[in-house]
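Good morning, and thank you for coming. Please look at the sequence and the structure on the screen while I speak.

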Amino acid sequence: MSALGIDDELLAISILFPGYRPGDESEKYRKVEVFNQVEQIQYKINFTLEGYPEQPAKISISDFTSVGEGKVKQIETKANEMAASLAGEYCLCQILEDVHAQFQNLEQSKPWKLGGCGSGGCRCGSNSGCQCGSGSCSCGRI
């Protein structure tokens, strides 16, 4: 039985993450990009693989929507810390899953997802100008 390698990991990423965009052949083992989405949040995670897996992948998150830069930087920092702790292992799928879970948590913690009209929050996306009453918002976006 042969050991798994980068080709196996890239194959797994292409199956598990439809947003995987392989680079051209010259970049294949140096850069990996995966576009992903969690409801309204969209993002692209970039892996730089110089020396990977012996050296940890360098991770950046870009092209994000519906989330603040500070939160994205926190997720990016955690992903890089995870990569450093897993140096020597093939771990891109694990990091992708962790980043996705963090964005899911952000999406689920949006105020209008936590409360709804009955709890003082409105699902319109903003409480300003939103008329909550009888369990529904006047904006009609529930």
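Let me begin with a definition: a residue is buried when its relative accessible area is under 20%, exposed when the area is over 50%, and partly exposed in between, using a 1.4 Å probe and protein chains only. Helices (H or I, at least four residues) and strands (E, at least two) are DSSP runs, numbered from the N terminus.

This is a predicted model, in which local features need pLDDT of at least 70 and side-chain atom pairs count only at pLDDT 80 or more, while totals for chains, interfaces and linings use all residues. Residues are numbered from 1 along each chain as its sequence is written, and side-chain values use heavy atoms, with hydrogens and water left out.

I turn to helix 2. Which residues of helix 2 are buried? They are Val72, Ile75, Glu76, Ala79, Met82 and Ala83. Seen down the axis, the buried residues of helix 2 fall within an arc of 120°, so they line one face of the helix; the arc is that of the directions from the helix axis to the C-beta atoms. The face turned away from this buried side carries the exposed residues Gln74, Glu81 and Ser85. The buried residues pack against strand 4 (58-65) and helix 3 (92-108), where contact means heavy atoms within 4.5 Å.

Next, helix length. The expected span of a helix is 1.5 Å times one less than its number of residues. Helix 2 (residues 69-85) has 17 residues and should span 24 Å, which agrees with the 24 Å between its end C-alpha atoms.

Cysteine 93 has a relative accessible area of 15%, and cysteine 91 is buried at 3%. A disulfide is a pair of cysteine sulfur atoms within 2.5 Å, and the structure holds 0 disulfides.

Finally, the backbone. A cis peptide bond, with omega of about 10°, joins tyrosine 52 and proline 53; proline 53 lies in the loop between strand 3 (41-48) and strand 4. Aspartate 63, in strand 4, is not a glycine, yet has a positive phi of about 50°. Serine 66, in the loop between strand 4 and helix 2, has a positive phi of about 65° and is partly exposed at 44%.
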